[in-house]
Amino acid sequence: MVTHRLFCLRCGYAWLPKGIKKPKQCPGCKRNDWNTPGRLSASSFLKCVTIWRLVQNCEKIYKEPAPRDRIKLAAESLEIGNVDVYIKMLKEGIKDKNGLLYRLSVVGQIGMQERLTVTSPVTLGW
Ligand SMILES: [Zn+2]
């Protein structure tokens, strides 16, 4: 049984799957490539980059990787919903139009809480 939520890496839809097999398509956008990271919509991309910047600022201010809860609170105050989805996308890496890759890594935990750090944008060259 799959008991955890799945996320569509294309549209951000989250759902609890019913069966044991990997779902063929996303119930939200009906795409078959829901589990493959790809180009995001402009608004999803902006939200991801905003979260990426929050992590970057948080690291600068506190001189340590950003606790996930602090980022969630800050993102929610900017009215960014589905923060977990965007953080998940950022862990896989998102690309902008020019192939620049934005990524967050987990560098450790405080208790049960993840701490996030930015991987500077790198150009993939395509
Ligand atoms: Zn979808």
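**Close-up 1. How helices α1 and α2 cross.** In this predicted model, α1 and α2 cross with a right-handed sense. Helix α1 covers residues 42-62 and helix α2 covers residues 68-77. Two numbers sum up a pair like this: packed helices are described by the angle between their axes and the distance between those axes. Here the angle comes to about 125 degrees, and the axes sit 10 Å apart. That angle makes α1 oblique to α2.

**Close-up 2. Where α1 meets α2.** On the α1 side, the residues in the contact are I51, L54, V55 and C58. Facing them from α2 are R70, I71, A74 and A75. Sort this contact by class and you get 7 nonpolar residues, no polar ones and 1 charged.

**Close-up 3. V83 and its neighbours.** V83 belongs to helix α3, which spans residues 83-92. Is V83 buried or partly exposed? It counts as partly exposed, because it has 19 C-beta neighbours inside 10 Å, while buried would take 20 or more. Leaving out residues up to four places away in sequence, V83 touches I51, K72, A75 and E76. Look for L73 too: it is 10 residues from V83 along the chain, and their C-alpha atoms are separated by 9.3 Å.

**Close-up 4. Along α3 and just past it.** Several residues of α3 are buried, namely V85, Y86, I87, M89 and L90. Just after the helix comes G93, with a positive phi of about 100 degrees.

**Close-up 5. The largest nonpolar core.** In soluble globular proteins, nonpolar side chains tend to be buried together. In this chain, the largest nonpolar core has 25 residues. Those with the most contacts inside it are C48, I51, W52, V55, I71 and L90. Two or more residues each come from α1, α2, α3, β5 (100-110) and β6 (113-123). Helix α1 gives the most, with 6 residues.

**Close-up 6. Stepping back to the whole chain.** The chain has 3 helices and 6 strands. Follow the sequence and they come in the pattern β-β-α-β-α-α-β-β-β. Of the 126 residues, 25% are buried. Take the contacts between residues at least 6 apart in sequence: 47% of them join residues at least 24 apart.

Methods
Residues numbered from 1 in each chain as written. Predicted model: local features only at pLDDT ≥ 70, side-chain atom pairs only at ≥ 80, totals over all residues. Axes fitted to C-alpha atoms, helices over the stretch in contact; angles between N-to-C directions. Helix = DSSP H or I, 4+ residues; strand = E, 2+ residues; numbered from the N terminus. Parallel < 35°, antiparallel > 145°, perpendicular 65-115°, else oblique. Left-handed = near helix turned anticlockwise from the far one by under 90°. Contact = placed C-beta atoms within 7 Å. Nonpolar A, V, L, I, M, F, W, Y, C, P; charged D, E, K, R; others polar. Buried ≥ 20, exposed ≤ 12 C-beta atoms within 10 Å, placed from the backbone. Core = buried A, V, L, I, M, F, W, Y, C linked by C-beta atoms within 7 Å.
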